[in-house]
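Student: Could you take me slowly through the charged side chains of this model and what surrounds them? I would like one connected account.

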Amino acid sequence: AVWRWMLVVGGGATMLLGAWRALRQTDLKLLLAHGTVSQLGFLALLLGIGNGDAALAGVALLVAHALFKSSLFLSVGVIDHATGTRDIRKLAGLGRAHRPMLIIAVGASASMAALPPFFGFIAKEADLETVLHSEVLGAAAPFVLAGIVIGSVFTTMYSLRFLWGAFADKGATEPSVRVAEMHRPPVTFLLPPAILAAAGLVFGLWPSGIDRVLDDY
C-alpha cells in the first residue's frame, strides 16, 4: 500500500509521456522505443495496483506487448537491412514495393493499437475492466481509467504514425530512392516477425488457450 500510488501515478505519467514522445520521432526504432517506455509505464500502473485481478491483466498486457513489439522491432530491422535507413523521411512507397512486410507490420500494429480480434485488444479490455471496478483504487478509479484511455488514444496515434512513416506513399508518385534501390529480404528474415504477429491474432481469437497459463502466475 505504501508504494501503490507512486506506481500508479508514476506509471500513468510515464505512459503518457512516452506515448507523446513516440509521436515526435522520425526514426522507426526510436518511435517504437518510446512506445515501449509508454507500455512499461502502463504495466507499472497495473501491477502497482497490487491485487490478483490487476496482476492477471498486467501479465496479459505483458504477453501481448511481447508479441507485437518484438514483431515490430524485427520488422524495423528488416526494413533497415533492405533499404539502409529507418528514417521515415526517406521511406516512401514501401507498402506497395513489399506487401508481405506491410501485412506483417499491420497485424502487429493492430494488436499494439488494441484493435479486435488481436490479443492486444483482449489484454486492453481486461486492463480497462480491472481498473474500472478496482476496489483498491476506490474513488480514484475513474481518474486512473481516464488517464489510461488518453494514453490508449496516443498508442493508436503512434501505431498509425509507424505504419504511415514506414509504408505510406506520403504523396509521392514514385518510391523514394532508398525504397527503389532496396533489395528484397529473404523469407527467413520475414518468418520470425510473421510468426509473432500471427500469434497475436491466434491468441486474440482463442484467448482461453493462454488464459489457463497466465492464471497460474
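Student: Is Arg86 buried, partly exposed or exposed?

Tutor: This is a predicted model, in which local features need pLDDT of at least 70 and side-chain atom pairs count only at pLDDT 80 or more, while totals for chains, interfaces and linings use all residues. Residues are numbered from 1 along each chain as its sequence is written, and side-chain values use heavy atoms, with hydrogens and water left out.

Arg86 is partly exposed, with a relative accessible area of 25%; here buried means under 20% relative accessible area, exposed over 50%, and partly exposed in between, with a 1.4 Å probe and protein chains only. Arg86 forms a salt bridge with Asp27, with 3.1 Å between the closest N and O atoms, where a salt bridge is a side-chain nitrogen of Lys or Arg within 4 Å of a carboxyl oxygen of Asp or Glu. This pair links distant parts of the chain, since Arg86 sits in the loop between α3 and α4 (94-97) and Asp27 in the loop between α1 and α2, 59 residues apart; the helices are DSSP runs (H or I, at least four residues), numbered from the N terminus. Arg86 also meets Asp80 in a salt bridge of 3.2 Å, N to O, and Asp80 is itself partly exposed, at a relative accessible area of 25%.

Asp87 pairs with Arg89, their closest N and O atoms being 2.8 Å apart; Asp87 is buried at 14% relative accessible area, whereas Arg89 is exposed at 63%. Through shared partners, salt bridges join Asp27, Asp80 and Arg86 into one network, and the count by this rule comes to 4 salt bridges.

Leaving aside neighbours within four places in sequence, Lys69 is in contact with Leu32, Gly35, Thr36, Gln39 and Met112, contact meaning heavy atoms within 4.5 Å.

Definitions and conventions:
Helices (H or I, at least four residues) and strands (E, at least two) are DSSP runs, numbered from the N terminus.
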